[in-house]
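Here are some quick notes to go with the model below. Have a look at it first, then read on.

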Amino acid sequence: MKILLVEDEVKIAAFIKKGLEEHDYYVDLAYDGLFGKKLAIGNIYDLIILDIILPNINGIELCKQIRDRDIKTPILMLTALGTPEDKVLGLDSGADDYLVKPFNFNELLARIRALSRRSPNIVINNILKIADLELDPESKIVKRSGNIIKLTVREFHLLELFMNNVGKVLGRNDIAEKVWDINFDTGTNVIDVYVNYLRNKIDKNYPNKLIHTVFGMGYVLKEEENNNNNNADT
Ligand code: CA
């Protein structure tokens with residue numbers, strides 16, 4: 001499940017992002033309303049968490065602008081403003097739920113679960129697909145051409161990251177940040193090693209290779225019409 005978090009307080013943002021990632025959510029972070037808007041419009045999220053007092057565009061305004069574009073992603077407002085008037089304003093702007101700071105992290109998790117239940121399409125249709133490869137984030141089952149592929153936890157998260165970013169070149173730093181942690185030593189070749197493990201499991205026995213090396217930049221998961229074997233090396 002992919003979440004957009006728009007929160008300008010760096011410490012709080014880092015705390016929420018880390019906590020959510022520990023619960024297997026992917027989190028994109030924006031520190032101001034303008035960048036938050038750019039991400040919200042340019043990507044598909046399962047949930048958007050919006051702070052209200054934000055630089056450039058405030059959360060209420062941003063929520064309205066997102067809804068004006070017919071984006072129906074559930075929105076959770078997160079704010080220090082807890083008066084009934086503030087809550088009404090937030091909900092009237094198109095938010096689905098409201099959580100007042102300081103909040104208990106477990107309550108945030110419960111609200112997120114409730115919001116994703118409220119959007120049945122999101123939960124039922126959660127299976128990620130490219131070509132004949134499927135990944136189910138809920139059951140953790142990966143299949144290629146209907147065959148179940150067993151992955152380690154790390155390989156699963158790596159593949160999930162690729163499948164959430166089909167066609168997008170992911171640099172080693174992007175991968176390190178999302179699949180390992182921020183203290184990851186980028187001087188090692190661990191990422192290349194894991195990408196190879198993954199290739200051996202999902203690509204090796206199939207003619208149509210999906211993981212491609214982009215020389216000097218990283219890796220990309222995509223379907224190519226004329227697959228040539230040069231792409232499959234590391
Ligand atoms: Ca704020």
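1. Ground rules. This is a predicted model, so to speak with limits: local features need pLDDT of at least 70, side-chain atom pairs count only at pLDDT 80 or more, and totals for chains, interfaces and linings use all residues. Residues are numbered from 1 along each chain as its sequence is written, and side-chain values use heavy atoms, with hydrogens and water left out.

2. Strand 1. Strand 1 spans residues 2–6, and five of its five residues are buried. Buried means under 20% relative accessible area with a 1.4 Å probe, protein chains only; helices (H or I, at least four residues) and strands (E, at least two) are DSSP runs, numbered from the N terminus. Lys-2, Leu-4 and Val-6 lie on one side of strand 1, with Ile-3 and Leu-5 on the other.

3. Its neighbours. Strand 1 pairs in parallel with strand 2 (residues 26–30) over five bridges, where pairing takes at least two DSSP bridges. Lys-2 has Tyr-26 as its bridge partner in strand 2. With strand 3 (residues 47–51), strand 1 makes four bridges, also in the parallel sense, and Val-6 sits opposite Leu-50 there.

4. The core. A nonpolar core here is a set of buried Ala, Val, Leu, Ile, Met, Phe, Trp, Tyr and Cys residues joined through side-chain atoms within 4.5 Å. The largest one has 27 residues, and Leu-133, Leu-159, Phe-162, Met-163 and Ile-175 touch the most other members. Helix 7 supplies its largest share, six residues.

Note on methods:
Buried < 20%, exposed > 50% of the residue type's maximum accessible area, 1.4 Å probe, protein only.
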